[in-house]
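Student: Please take a close look at the backbone of this chain. Which residues stand out by their phi, and where do they lie?

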Amino acid sequence: VQLQASGGGSVQAGGSLRLSCAASRSILSVFAGAAAGWYRQAPGKERELVARITTSSITNYADSVKGRFTVSRDNGKRTVYLRMNDLKPEDTAVYYCNLELSKSYGGTQHWGQGTQVTVSS
């Protein structure tokens, strides 16, 4: 499984972005059976979970993004999205997508290459 993240950029505070993470070389059953998540890492900080979506589309979010970010998935397109609204300067980070395969497929984790999000005040 290879993950390709896109959609990052530079915006002003209050703006919006939508990140996409496409899984190539993945058959539908593998992708659909995997939990997916978005993480971010700001300079000098540890990588943190931003949002996660299960195989049945149950979601959870970091407290800092609740009500502003929405994670979703389109299994047919093998893509996970992160809609980010009302962006704040503290959201500035490199965002990484993650795919956690089910135990049936080895239970391995896969990471995208990261996409930079910069929010200016």
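Tutor: Start with the contacts of this predicted model. Among contacts between residues at least 6 apart in sequence, 54% join residues at least 24 apart. The chain holds one helix and eleven strands. Their order from the N terminus is β-β-β-α-β-β-β-β-β-β-β-β. The radius of gyration is 14 Å, close to the 14 Å that the globule rule gives for 121 residues, so the chain is as compact as a globular protein of that length. Along its principal axes, the C-alpha trace spans about 45 × 25 × 25 Å.

Now the backbone itself. Most residues other than glycine have a negative phi. Serine 57 is not a glycine, yet its phi is positive, at about 65°. Serine 57 sits in the loop between strand E5 (48-53) and strand E6 (59-61). Its relative accessibility is 42%, so serine 57 counts as partly exposed.

Aspartate 86 also calls for a look. The phi of aspartate 86 is near 50°, a positive value in a residue other than glycine. Aspartate 86 lies in the loop between strand E8 (79-84) and strand E9 (93-100). With a relative accessible area of 40%, aspartate 86 is partly exposed.

Buried residues make up 41% of the 121 residues. The accessible surface comes to about 6200 Å², and 47% of that belongs to carbon and sulfur atoms. As for charge, there are 14 positive and 8 negative side chains. The centres of the two sets lie 8 Å apart.

Notes
Residues are numbered from 1 along each chain as its sequence is written. This is a predicted model: local features need pLDDT of at least 70, side-chain atom pairs count only at pLDDT 80 or more; totals for chains, interfaces and linings use all residues. Side-chain values use heavy atoms; hydrogens and water are left out. Helices (H or I, at least four residues) and strands (E, at least two) are DSSP runs, numbered from the N terminus. Buried means under 20% relative accessible area, exposed over 50%, partly exposed in between (1.4 Å probe, protein chains only). The radius of gyration is taken over C-alpha atoms; the globule rule is 2.2 Å times the number of residues to the power 0.38. Contact means heavy atoms within 4.5 Å. Accessible areas come from the Shrake-Rupley method with a 1.4 Å probe; for residues, only the protein chains shown count as cover. Lys and Arg count as positive and Asp and Glu as negative; His and the chain ends are not counted. The place of a charge is taken as NZ of Lys, CZ of Arg, CG of Asp or CD of Glu.
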